[in-house]
Amino acid sequence: MEPGIFYHVCNRAVGKDVLFKHFFDYDDYLTDIEKIILPVANLNAYCILDNHYHLLVRIREHASGFEFSQAVNRLQSIHAKRFNYKYKRKGGLFLRPFNRIPIKNDGQLAWVFWYIHRNPLHHGKTENWEDYPYSSYSYFKYNRASFLDTSTMLDFFGGQDQLIKHHETQAEDYLLKNMNLMLD
């Protein structure tokens, strides 16, 4: 992992376990991301579902890939310990190692950004992916302040209107393709 490079970071629960049971589990995880990940990486997008998560990050220039990996491992460890204590559970919670996929070009960056935001729709968690509460999309759509680095992706797409249009177009294409699969 290299500084200055975008990465799609994701992981899931072991077996059929869940990572988050209640809204406060999600909120605690987002707070932990802010405290643990932001010192070593900019967070450009996220989506957290009950049994897995996706992050789009860019490692800060002053940080190393090793420091970033340590931060993600610490994030997962803190969450697992809290979760296990709270729900009287034992053992590992996350698969090891976490996935880290380097983004190689602008097309891949645009696709991963959309992929992360449409994840709740893909997994049947909601039909209204735009307002899913544990996704970063609403920060872009409603211009909400947060610890998220929204300026990088807004600049990448050429502004809020173009970013929203990109996501709406991708959503329409996604729904049409999936409707065709269901009808076949």
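Analyst: Let's start with F94, which is buried, with a relative accessible area of 8%. Buried means under 20% relative accessible area, while exposed means over 50% and partly exposed is in between (1.4 Å probe, protein chains only). A quick word on where this comes from: this is a predicted model, where local features need pLDDT of at least 70, side-chain atom pairs count only at pLDDT 80 or more, and totals for chains, interfaces and linings use all residues. Residues are numbered from 1 along each chain as its sequence is written, and side-chain values use heavy atoms, with hydrogens and water left out.

Now for the partner of F94. Y53 and F94 make an aromatic pair of the edge-to-face kind, 6.1 Å from centre to centre with 75° between the planes. For the rules, rings of Phe, Tyr and Trp (its six-membered ring) pair if their centres lie within 6.5 Å; planes under 30 degrees apart count as stacked, over 60 as edge-to-face and the rest as tilted. This pair links distant parts of the chain, 41 residues apart: Y53 belongs to strand β3 (residues 52–59), and F94 to the loop between α2 (65–86) and β4 (99–102). Helices (H or I, at least four residues) and strands (E, at least two) are DSSP runs, numbered from the N terminus. Y53 counts as buried too, at 0% relative accessibility.

There's a wider group around them. Ring pairs join F20, Y26, Y29, Y53, F94, Y132 and Y134 into a cluster, and the structure holds 14 aromatic pairs. In one of them, the rings of F20 and Y26 have their centres 4.8 Å apart and their planes at 25°, so that pair is stacked. Both F20 and Y26 are buried.

Let's zoom out. The protein has six helices and four strands, and along the sequence they come in the pattern β-α-β-β-α-β-α-α-α-α. Its radius of gyration is 16 Å, close to the 16 Å that the globule rule gives for 184 residues, so the protein is as compact as a globular protein of that length. (That radius is taken over C-alpha atoms, and the globule rule is 2.2 Å times the number of residues to the power 0.38.) Of the 184 residues, 47% count as buried. As for contacts, meaning heavy atoms within 4.5 Å, residues 24 or more positions apart account for 68% of those with a separation of 6 or more.
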